[in-house]
Amino acid sequence: MGKYDEFAKKVPMKERKGNLRFCAEMDGSFLNWESMSLRYGLVDETGVIPEETDRLHVHDYDEVILFLSQDAGNQLELGGELEVTLGTEGVRHRIDLPSCISIPAGTPHFSPLVRRVDRPFLYLAVAFNKEFKAEITDENAVQGEGPWIQFRAPYFDKVNVLNFSIRDPYHYASDIPEDSGGVGTLVDEHVAGFPMILGWQTVGKPHNMGPRRDDGLRHPHAHEDFDEMLAFFSLDPDNMTDLHGELSFSLGAEGEEEPVLCTESTVFPMRKGYFHLPLVFTKVDKPMIFMTLSRSRA
Ligand SMILES: [Fe+2]
Ligand SMILES: [Fe+2]
């Protein structure tokens, strides 16, 4: 037992929930976090994604929903098509590229409706609340019949195609960045419209993510004013638990850091002030995802 095992939460992946081949729900009580809940899954069929309700509803918290490619070699194409309806008028947004949907507290919406699946793709919902809950605003509203979104319309800016950059983003301030063999994207306040930072990157080969300096010394990384999550997800569509690889990072209070080893899909919700890098991917037999998430400003 490591001293910081309490921060390692194995992703509780379940098989088949509606049109999700795999699905994991991680609310605040699971994460031991007051401020965040996650839902993660692999979409392989058409239909409404199973969330709190299939009726038009609002949340009293901000939420983002990401749709991402499951194919590490092709993060620019989603592999399917879906609709998201926002606003009381039921305006529909069509999504067929990896995208982020921003749902500020109080925005009426339906759960995403998948229209086509060419190959399974990833669904990730982040609710900035300790639980998922919904208040139905119109029992009789029907999904999938409203007008399509137009330029300059309300909510036009709430659906954004994700931009990807090659290699690890340099946000970790490594002087000697190494090729991750993958690509990454970032959702921050400029995209979401409310404070958050979500980094999502594919990891394609062993590398030292750092941060590293020319002097070779350990350079600590902690945040004094916000909690942050590190997460590692398998991209294997037949087994979303096994990372098919191994990574380690140092974690803990200053001066008391311990190496943490990870070989399965795991999230690490950490309290502010805890050091949680450097990070080294030691074995990558299949590509995996490295995610960072916090309620903070860029
Ligand atoms: Fe919702
Ligand atoms: Fe961090």
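**Exercise 1.** Classify F132: buried or exposed, or partly exposed?

*Solution.* F132 has 18 C-beta neighbours inside 10 Å, so F132 counts as partly exposed. The cut-offs are 20 or more other C-beta atoms within 10 Å for buried, 12 or fewer for exposed, and partly exposed in between, with C-beta atoms placed from the backbone. This is a predicted model: local features need pLDDT of at least 70, side-chain atom pairs count only at pLDDT 80 or more, and totals for chains, interfaces and linings use all residues. Residues are numbered from 1 along each chain as its sequence is written, while chains are lettered from A and ligands numbered from 1 in the order in which they are written.

**Exercise 2.** Locate F132 and list what F132 touches.

*Solution.* Start with the backbone. F132 sits in the loop between β12 (121–127) and β13 (135–138). Strands are DSSP runs (E, at least two residues), numbered from the N terminus. Next, the contacts. Leaving out residues up to four places away in sequence, F132 touches D27, S37, R39, E52 and A127. Contact means C-beta atoms, placed from the backbone, within 7 Å.

**Exercise 3.** Describe how the domains meet.

*Solution.* First, the bounds: domain 1 (5–161) and domain 2 (165–294), from an automatic or database domain assignment. Their centres, over C-alpha atoms, are 24 Å apart. Then count: 25 residues of domain 1 contact 29 residues of domain 2. On the domain 1 side, β1 (9–10), β3 (20–26), β7 (63–69) and β10 (99–103) each supply at least two residues.

How values were computed. Helix = DSSP H or I, 4+ residues; strand = E, 2+ residues; numbered from the N terminus. Contact = placed C-beta atoms within 7 Å.
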